Amino acid sequence: MKSRILFFILAILVFGSILGIGFLFFKTDIHKLLIIEGIGILAIILFSILYHRLIKPYQIISSGMELLKEQDFSTRLRPIASSEANQVIEVFNKMMDQLKDERLQVREKNHFLDLLIQASPQGVVILDFDEKITEINSAGLRLLNIQDINEVKDKKLSESNINIGKQLADLKPNEDVVIRSSGITMYRCSRSSFIDRGFAHPFILIEELTHELLKTEKKSYENIIRMMAHEVNNSVGAVSSTLNVISDTLRQDENNELADVLPAVEASFDRCRHLGEFISNFAEVVKIPPPTLSKVSINELAKSVDALTRIECQRRSTQLTLDLTTEIDTAYVDSIQFEQVLVNIVKNAYEAIGTGGEIYITTNSQPLSITIINNGLAITDEVRQKLFTPFFTTKSQGQGIGLMFVREVLLNHNCKFDLSSKDGWTRFEILFNKR
């Protein structure tokens, strides 16, 4: 029950009692009646004073509490006749002014922070207390190839379809690491937190390092290859000339006293020639010319690769199948370079299969892409992280330049690509750059 109602009930009871007592002396003792009436008048005055000093200020403060509850910081309490109550009202109004200013500052800061996050070139992934995604800025959506945030919102990183979601979920507080996707894209990722309602609210910063790292890497291995090619070619040239002279001399020896040496000399000459070819293969990777772009049908590219590799697939009893789009299929590429890229990928596919198995070459228009799928040996996560590293190979006789060539050509075409193994199938997907 409200204090105002209680006050009036008390006043009615007191006045009723005084009137009752006065009625008893109405006919018997006029003096006592006058005294009782005086007490009643005094009680009325006291109750009126108490109402204005206690009940009315209390009602005003109660109204102020309602304003606080509704978070209405713009309304102020009016002063009343009571100086004591006015002190409380003055403090309350100052508090409301301060709350309004602080709320305005918080809104401005939050708005500025939102603008800053959205404008940041770094990806920002904000998580809730249950490690679920609540927000991702524009850069984060682009870096993680997310079309719509609703695809991953309210999901844990490890449960989302984000390519590096598991690695991001494994980040520890204040940890700063470089993560590599299944293609060649590399991200610098750090996990931090801010305080929200007294608890640490986690978020992850993502920065793409691919361009800078690949530029440094390419410059390094180009210098190494040039130095190796220069030294090896000079040495091989001199040794080959000497061996050639020795071989001719031995052939002209009429006594054939050194005939047993001739096969060793010729074998050494062949090894020098193979060494020269070996180093030339590395040098060719450095000399890849810029692509000559023209409008090319990706369906025709797929058919050309099919024609070049089908015989080898048949020899290995491997089924090669084309699945071509019927919609727009043209891209701006260097057809010669791209054809060699696709041939290398198919070659890796049937070598991974060995004999038997299946290979599919699929083209799509939305998005514009070519995907090569095979059911050969799966690629482990450890190997997948290193496949596009210069000179890395899993083949006993490999040189590690096939995928280097693929990588350089695709990067020169500004194509995105992804290599993954799942459910017994290995997929190499190439997404063409839109002009």
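Below are worked exercises on a predicted model.

Residues are numbered from 1 along each chain as its sequence is written, and side-chain values use heavy atoms, with hydrogens and water left out. Local features need pLDDT of at least 70, side-chain atom pairs count only at pLDDT 80 or more, and totals for chains, interfaces and linings use all residues.

**Exercise 1. Find which residues make the nonpolar surface patch of about 270 Å².**

Step 1. Apply the rule: patch residues have over 30% relative accessible area and no salt bridge, and nonpolar side chains are joined within 5 Å. A salt bridge is a side-chain nitrogen of Lys or Arg within 4 Å of a carboxyl oxygen of Asp or Glu. Areas are Shrake-Rupley values with a 1.4 Å probe.

Step 2. The patch consists of Ile5, Ile9 and Leu13.

Step 3. Classify Leu13. Buried means under 20% relative accessible area, exposed over 50%, partly exposed in between. Leu13 has 55%, so it is exposed.

**Exercise 2. Give the strand order of the open sheet and say which strands stand at its edges.**

Step 1. The 5 strands run in the order β2-β1-β5-β4-β3, with antiparallel pairing. Strands pair if DSSP finds at least two bridges between them.

Step 2. β2 (133-136) and β3 (176-180) each have a single partner strand, so they are the edges and one side of each lacks a neighbour in the sheet.

Step 3. Neighbouring strands are turned by 25 degrees against each other on average, direction ignored. The axes are lines fitted to C-alpha atoms.

Step 4. Look at one pair: β4 (residues 186-196) and β5 (residues 199-208) share 10 bridges, antiparallel. Asp196 has Phe199 in β5 as its bridge partner.

**Exercise 3. Count the aromatic pairs, then classify Tyr360 with Trp425 and Phe417 with Phe428.**

Step 1. Rings of Phe, Tyr and Trp (its six-membered ring) pair if their centres lie within 6.5 Å; planes under 30 degrees apart are stacked, over 60 edge-to-face, the rest tilted. The count is 4 pairs.

Step 2. Tyr360 and Trp425 have ring centres 6.0 Å apart and planes at 55 degrees, so this pair is tilted. Tyr360 lies in β9 (residues 358-365) and Trp425 in β12 (residues 425-431), so parts 65 residues apart in sequence are tied together.

Step 3. Phe417 and Phe428 have centres 6.0 Å apart and planes at 10 degrees, so this pair is stacked.

Step 4. Tyr360, at 27%, is partly exposed, and so is Trp425, at 30%. Phe417 is buried at 10%, and Phe428 is buried at 5%.

Technical notes: Patches are made of residues with over 30% relative accessible area and no salt bridge: like charges are joined within 9 Å, nonpolar side chains (Val, Leu, Ile, Met, Phe, Trp, Tyr) within 5 Å. Buried means under 20% relative accessible area, exposed over 50%, partly exposed in between (1.4 Å probe, protein chains only). Helices (H or I, at least four residues) and strands (E, at least two) are DSSP runs, numbered from the N terminus. Axes are lines fitted to C-alpha atoms, for helices over the stretch in contact, and angles run from 0 to 180 degrees between N-to-C directions.
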